[in-house]
Structures are given as structure tokens and as C-alpha cells.
Amino acid sequence: MQRAIYALLKGAGSGSFPTIPGLHHLLLGERRFRRHVLARVWSKVYHEPLFRLSCARCGSGLMMLEEQPKLLGNLRVELGERVCLAGNQTWIAAGDAAEKQLVIGDSSYLGYGVVVAVGRRVEIGRHVLVADRVRFSGSDGHPLDPLARARGESADERSIGSIAVHDYAWVGAHAIVLKGVTIGRGAIVASGAVVTHDVPELTIVGGNPAKPIGTVPPPPDWVTAVPDTRA
Ligand SMILES: CC(C)(COP(=O)(O)OP(=O)(O)OC[C@H]1O[C@@H](n2cnc3c(N)ncnc32)[C@H](O)[C@@H]1OP(=O)(O)O)[C@@H](O)C(=O)NCCC(=O)NCCS
């Protein structure tokens with residue numbers, strides 16, 4: 001009996017259900033409306049107001065393409081003007097219970113599935129593009145000592161560091177930026193790179209560990225374009 005049911009289910013699973021014109025057109029329309037129109041409205045009237053309440057500062061023109069970022073731990077979030085956030089973001093205050101800071105500057109974009117683990121502070125400048133599934137890892141999370149790790153002790157001070165991404169930088173999809181790294185103004189991190197050291201201005205880095213693979217010629221008005229005021 002069991003075998004007969006298994007064979008029946010297996011047969012049903014490998015077969016294909018016919019597309020019924022009319023019915024499936026209707027279902028496709030409903031699905032598109034639900035995912036593109038209703039989800040957008042829901043994001044505006046539910047997620048955005050709740051998210052604003054969770055931020056210490058949130059500039060005008062916030063654009064949230066889907067649900068609000070998942071905020072974990074004691075994290076102070078400051079957003080500039082016209083920040084755009086794709087969905088499925090996770091922003092974590094990593095390590096101890098002390099307050100950590102995440103600052104995102106004007107007109108910057110964080111793509112789908114970005115994870116920001118803040119060790120002390122993560123500062124993303126203005127007009128920065130962070131592509132899908134980038135991970136900022138401001139804390140290693142666990143000690144190097146295997147026995148301390150087994151005892152569940154937290155990581156020590158040297159495994160935590162601030163991260164800065166200066167104005168106009170572009171971090172490619174699936175890149176990982178580790179603790180203590182500063183990415184210079186207008187620099188590019190190639191997709192999939194693991195960035196362990198600072199990246200100079202207008203430099204392209206790629207690979208694991210990321211090394212310089214090119215440079216970007218400075219645009220004519222580079223010096224006067226929104227100056228980077230951070231140290
Ligand atoms: C960084 C990037 C812009 C460079 O583009 P490019 O200037 O056209 O680079 P090229 O394809 O000419 O490659 C130049 C060199 O860099 C290397 N390179 C390019 N991309 C690389 C990567 N992701 N990792 C490692 N090396 C890379 C190439 O192999 C090549 O090396 P070689 O000269 O020894 O052959 C591009 O590779 C990239 O990563 N784009 C990000 C894409 C992305 O994430 N988009 C998301 C949308 S926001």
C-alpha cells in the first residue's frame with residue numbers, strides 16, 4: 001500500500017500540470033498585482049513608518065523596495081536623504097551589548113540581501129552603491145582560541161573594527177568587506193571580492209584576498225563633486 005502511494009506521488013511530482021489559458025493568465029495578473037503593487041503600498045504604509053521609528057535619524061525621500069531591514073541588537077541607525085533600500089536586509093550590532101552605529105549617507109543604495117554586522121561603527125558615505133548580497137563584517141564573531149570558542153566566549157577587541165565606505169564607491173555583488181577596512185572615494189570592489197585591507201580612492205580591487213586590478217580615471221569635476229568631509 002505504502003509503495004503504491006509513493007509511486008503515485010512520485011508520478012504526480014514528475015508530471016506537469018497543463019497551463020490553462022484564461023485561468024492562469026488571471027492568476028499571473030493577480031500574482032503581479034500582489035507582488036508589485038500591493039507589496040509596494042504595504043511597504044509605504046507599514047514598513048517605512050515602523051522603520052523610521054527604529055532609526056535615530058532618517059532623512060526624507062527614503063525608498064524601501066520591500067520590507068524593512070531586520071535590526072538585531074543595540075544598533076543606532078542614522079540615514080541621510082534619499083537612501084534606497086532593497087529587500088531582505090539584516091543589520092546587526094555584533095559582539096557585546098554596547099551601542100553600535102550604522103550611518104548611511106545621502107543618495108546611497110543597499111541591494112537585496114545585504115548584511116551589515118557592525119563591530120563598532122559602519123559608515124557608508126554618499127552616492128554609494130552596495131550591490132546584492134554584500135556582507136560587511138565588522139566583527140569576526142568568535143575568538144580564535146578553540147577552547148574559548150567552545151566555552152562560548154565572545155571575540156576579543158582585535159577581532160572587531162569599524163568599516164568606512166567613502167562617497168561614490170561601488171561594492172559589487174557578493175563581496176565581503178572585513179573589519180577595519182576603509183574603501184576610498186569612488187573606489188570599486190569587484191563582485192565576489194573579500195576585502196581585507198583599505199582600498200585607495202578610484203582603485204578597483206577584486207579577488208580573495210582583494211588586490212588592485214585597475215584604476216578609474218578621475219572624472220573632470222572629481223575634486224569639486226560632493227566633497228568627502230570625513231577624516
Ligand atoms: C569590477 C568590474 C566593474 C570591472 O569591470 P571591467 O573594468 O570591465 O573589468 P575587466 O572585465 O576588463 O577585467 C579587468 C581585470 O580584472 C579581473 N576581474 C574582473 N572582475 C573581477 C572579479 N569580480 N574578481 C576578480 N577579478 C576580476 C579580470 O579577470 C581582468 O584581469 P586580467 O586583466 O588579468 O585579465 C566588474 O568586474 C565587476 O565586478 N562589476 C560588479 C558587477 C556587480 O556586482 N553588479 C551588481 C549591480 S550593482
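Trainee: Let's start with Ser137. Where does Ser137 lie?
Mentor: Ser137 sits in strand S12, which covers residues 135–137. Keep in mind that we're looking at a predicted model.

Trainee: Is Ser137 buried or exposed?
Mentor: Ser137 counts as buried, because its relative accessibility is 10% and the cut-off for buried is under 20%.

Trainee: And what does Ser137 touch, not counting residues up to four places away in sequence?
Mentor: With those set aside, Ser137 touches Ala117, Ile163, Val177, Leu178 and Lys179. There's also a polar contact of 3.5 Å between the side chains of Ser137 and Arg135.

Trainee: What about Phe136, which residues is that one in contact with?
Mentor: Leaving out neighbours within four places in sequence, Phe136 is in contact with Val115, Val116, Ala117, Ile124, Val130, Ile163, Val165 and Val177. Phe136 also belongs to the largest nonpolar core, where it is among the residues that touch the most other members.

Trainee: How many residues are in that largest nonpolar core, and which others touch the most members?
Mentor: The core has 38 residues. Besides Phe136, the ones touching the most other members are Leu79, Trp91, Leu110, Val116, Val165 and Ile183.

Trainee: Which strands supply at least two residues each?
Mentor: Those are S4 (75–79), S6 (90–93), S7 (100–104), S9 (115–118), S10 (121–124) and S13 (163–165). S4 gives the most, with three residues.

Trainee: OK, new topic: Lys100. Which strand is Lys100 in, and is Lys100 buried or exposed?
Mentor: Lys100 is in strand S7. Lys100 is buried, since its relative accessible area is 4% and anything under 20% counts that way.

Trainee: What lies 2.5 Å from a polar atom of the Lys100 side chain?
Mentor: The backbone oxygen of Ala94 does. Ala94 also turns up among the contacts of Lys100 when neighbours within four places in sequence are left aside, together with Asn74, Leu75, Arg76, Ala93, Gly95, Val118, Gly119 and Arg120.

Trainee: Let's jump to Leu62. Where does Leu62 lie?
Mentor: Leu62 is in the loop between strand S1 (57–58) and strand S2 (63–64). Leu62 counts as buried, because its relative accessibility is 5%.

Trainee: What is Leu62 in contact with, leaving aside neighbours within four places?
Mentor: Lys44, Glu48, Phe51, Arg52, Leu79, Val83 and Leu85. One of those, Leu79, is also a member of the largest nonpolar core.

Trainee: And Leu8, is Leu8 buried or exposed?
Mentor: Leu8 is exposed, because its relative accessible area is 65% and the cut-off for exposed is over 50%. Leu8 is in helix H1, residues 2–14.

Trainee: Now the ligand. Which residues are around the ligand?
Mentor: They are Ala131, Trp170, Gly172, Ala173, Ile188, Ala190, Ser191, Ile204, Gly206, Gly207 and Ile213. By type, that shell has seven nonpolar, four polar and no charged residues.

Trainee: Which polar backbone atoms come up there?
Mentor: A polar backbone atom of Ala173 is 2.7 Å from an oxygen atom of the ligand. A backbone N or O atom of Ser191 lies 2.8 Å from a ligand nitrogen atom.

Trainee: How much of the ligand does the protein cover?
Mentor: On its own the ligand has 930 Å² of accessible area, and the protein covers 40% of that.

Trainee: What about phi of Tyr168 and Leu202?
Mentor: Phi of Tyr168 is near 65°, and phi of Leu202 is near 55°. Each of these is a positive value in a residue other than glycine.

Trainee: Where are those two found?
Mentor: Tyr168 lies in the loop between S13 and strand S14 (170–171), and Tyr168 counts as partly exposed because its relative accessibility is 26%. Leu202 is in the loop between strand S18 (194–195) and S19, and Leu202 is buried, with a relative accessible area of 10%.

How values were computed: Residues numbered from 1 in each chain as written. Predicted model: local features only at pLDDT ≥ 70, side-chain atom pairs only at ≥ 80, totals over all residues. Heavy atoms only, no water. Near = heavy atom within 4 Å. Polar contact = N/O pair within 3.5 Å; in protein donor to acceptor, adjacent residues only side chain to side chain. Areas by Shrake-Rupley, 256 points an atom, 1.4 Å probe, with all protein chains shown as cover. Nonpolar A, V, L, I, M, F, W, Y, C, P; charged D, E, K, R; others polar. Core = buried A, V, L, I, M, F, W, Y, C linked by side-chain atoms within 4.5 Å. Buried < 20%, exposed > 50% of the residue type's maximum accessible area, 1.4 Å probe, protein only. Helix = DSSP H or I, 4+ residues; strand = E, 2+ residues; numbered from the N terminus. Contact = heavy atoms within 4.5 Å.
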